[in-house]
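I am opening a notebook page on this chain, and I want to go from its overall build to its parts. The entries below record what I looked up and what I found.

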Amino acid sequence: MNRIQIRNIGRIGGISEGEACTHGGNLFTNGGSLFTHGGSLFTHGRNEGSIWSSTENAWLLVEGKHIIDWGPMSDEPSLPPHTEVWDANGAWVMPAFVDPHTHLVHSGTREQEWKARLQGASYQEIAAAGGGIMHSVRSLRKAEFSALLDESRIRLESIRSMGVGSLEIKSGYGLDFDSESKMLRTTRMLAHEYPDMNIHSTCLALHAIPPEYREDANSYVRKVTQEWIPVWAEEGLIDFVDIFCERGYFGLEHLDALLECAHRLGLPVRAHVNQFSVMGAVKRAVEGGALSVDHLEELDDADLEALKNGETYPILLPGCSFFLGIPYAPGRKLADAGLPVVVGSDYNPGSAPGFNPFLTLSLSCLKLGLMPEEALNAMTIHAAGSLQLSDRVGSIGRGKEASLLFLSGLKDWSTLAYHFGQIPPLRVMLKGRFL
Ligand code: NIG
Ligand code: FE
């Protein structure tokens with residue numbers, strides 16, 4: 001087993017100590033003292049906080065895939081035999097990013113539509129004219145599995161080089177059994193090819209109503225929830241299920257059908273809600289036990305109340321608002337309500353064709369109103385919680401996976417968000433190995 005002692009670390013951020021962080025779990029404690037944030041105590045069941053200003057001038061020991069221990073250089077223990085030593089030379093360390101919402105597997109891009117938007121067309125108008133998601137569906141249905149895999153692998157290589165160690169990937173551009181299966185198998189193949197990452201697969205067959213069912217959405221939803229999802233679950237192709245609740249897409253009765261199917265099969269639900277309209281989907285999803293509600297650009301008081309009373313993670317996607325020019329989700333308000341705000345990229349060819357986590361971090365501060373350390377938590381430990389992964393990734397903790405970013409040139413952690421869109425000098429370690 002490889003054992004690496006990393007020496008001369010400038011600072012370690014994102015430390016969590018104490019109880020394991022689990023969704024709906026116990027109060028997060030930090031080595032005995034309660035973690036406070038913005039002046040108020042973190043008491044919400046889901047709040048998995050972590051500490052961003054900590055041990056300076058430190059060592060950290062990695063064994064195999066895991067973090068074993070760390071401490072100040074002044075107190076460095078003698079090295080166990082057969083330990084490799086790596087001098088961080090003052091670089092700072094933080095946990096690798098977790099991206100809980102991507103559509104990374106897709107075929108081709110949509111520059112034509114983007115140019116139409118630059119000239120005034122809206123995302124909804126383009127979709128109504130047969131473009132948008134349906135554009136990507138037509139191209140995905142034609143794509144060979146190997147071509148789809150090659151194209152998706154290039155993106156995966158890029159996102160991991162930027163420091164994302166765990167991510168979720170949705171289907172949803174196939175909308176028929178074979179094409180959705182092709183997408184899900186692509187995601188599983190990527191997970192197989194990159195065992196140093198955690199890659200989770202979400203079935204989003206309820207992304208849009210396919211042309212074959214244009215006049216009969218109910219039959220399509222029945223097909224997906226009663227026939228297709230059980231098969232994919234049985235084949236081990238999916239970890240989560242998702243739906244796009246929106247006017248012209250799927251309604252509350254369809255969300256109910258998905259919640260029922262997911263419950264039957266023991267699959268957690270994620271749901272695209274409130275991107276363009278408020279239709280009661282947040283409350284329905286929370287009450288139905290959804291793991292996350294994603295987007296929330298439009299949010300009313302009843303939605304906020306439902307989130308406060310539930311256990312569902314709010315996942316915000318500022319890259320989508322940036323690219324579509326739509327309102328941003330009320331991140332500050334959600335954080336002030338004590339909710340464990342999560343931020344993801346929503347990377348996809350239509351509404352967010354970018355996954356640079358450092359740009360997403362800046363947008364989280366500038367546009368969602370989060371402070372840099374809150375934004376870092378949103379993209380690490382909270383994001384991990386929303387994928388049910390917070391016992392393994394998302395913070396620096398003893399026994400957690402050694403998926404770490406080494407960064408230089410930082411004045412404090414805010415530097416990462418301050419240079420918007422820039423990727424700082426970076427080395428990435430995933431599960432104990434440097435890329
Ligand atoms: O999360 N809102 C629905 N789905 C995607 C966009 C998909 C597309 O335009 O291709 C999203 O923004
Ligand atoms: Fe999305």
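Entry 1, the chain as a whole. I note at the outset that this is a predicted model, and I read every entry with that in mind. I looked up the secondary structure and found that it comes to 15 helices and 20 strands. I then checked the radius of gyration, which is 21 Å and close to the 22 Å that the globule rule gives for 435 residues, so the chain is as compact as a globular protein of that length. The box filled by the C-alpha atoms, taken along the principal axes, is roughly 70 × 45 × 45 Å. Of the 435 residues in the chain, 52% are buried. I also looked at contacts between residues at least 6 apart in sequence, and 72% of these join residues at least 24 apart.

Entry 2, the domains. I looked up the domain assignment, which gives domain 1 as 3-16 + 51-95 + 395-434 and domain 2 as 98-386. The centres of the two domains, taken over C-alpha atoms, are separated by 31 Å. Where they meet, 20 residues of domain 1 are in contact with 19 residues of domain 2. Which elements give two or more residues to the side of domain 1 that touches domain 2? I found α15 (415-418) and β19 (426-430), and the largest share, three residues, comes from β19. Sorted by class, that side of domain 1 has 11 nonpolar, seven polar and two charged residues.

I followed β19 into an open sheet of four strands, which stand in the order β9-β18-β19-β20 with antiparallel pairing. Its edge strands are β9 (92-95) and β20 (433-434), each of which pairs on one side only. I counted two bridges between β19 and β20, and I noted that Leu430 stands opposite Arg433 in β20.

Strand β1 (residues 3-11) pairs with strand β6 (residues 56-63) over six bridges in the antiparallel sense, and here Ile4 stands opposite Val62 in β6. Strand β6 is also joined by six bridges to strand β7 (residues 66-72), again antiparallel, with Trp59 opposite Gly71 in β7.

Which residues of helix α3 (residues 133-142) are buried? I found Ile133, His135, Ser136, Val137 and Leu140. I then asked what covers these buried residues, and the cover includes α1 (111-118), α2 (123-128) and α5 (177-193).

I listed the residues around ligand 1, and they are Gly132, Ile133, Ser136, Phe244, His272, Gln275, Cys320, Asp346, Asn348, Pro349, Gly350 and Ser351. By class, this shell divides into four nonpolar, seven polar and one charged.

How values were computed:
Residues are numbered from 1 along each chain as its sequence is written. Chains are lettered from A and ligands numbered from 1 in the order in which they are written. This is a predicted model: local features need pLDDT of at least 70, side-chain atom pairs count only at pLDDT 80 or more; totals for chains, interfaces and linings use all residues. A residue is near a molecule or strand if its C-beta atom, placed from the backbone, lies within 6 Å of it. Ala, Val, Leu, Ile, Met, Phe, Trp, Tyr, Cys and Pro count as nonpolar, Asp, Glu, Lys and Arg as charged, and the others, Gly among them, as polar. Domain bounds come from an automatic or database domain assignment. Two residues are in contact if their C-beta atoms, placed from the backbone, lie within 7 Å. Two strands pair if DSSP finds at least two bridges between them. A residue is buried if 20 or more other C-beta atoms lie within 10 Å of its own, exposed if 12 or fewer, and partly exposed in between; C-beta atoms are placed from the backbone. The radius of gyration is taken over C-alpha atoms; the globule rule is 2.2 Å times the number of residues to the power 0.38.
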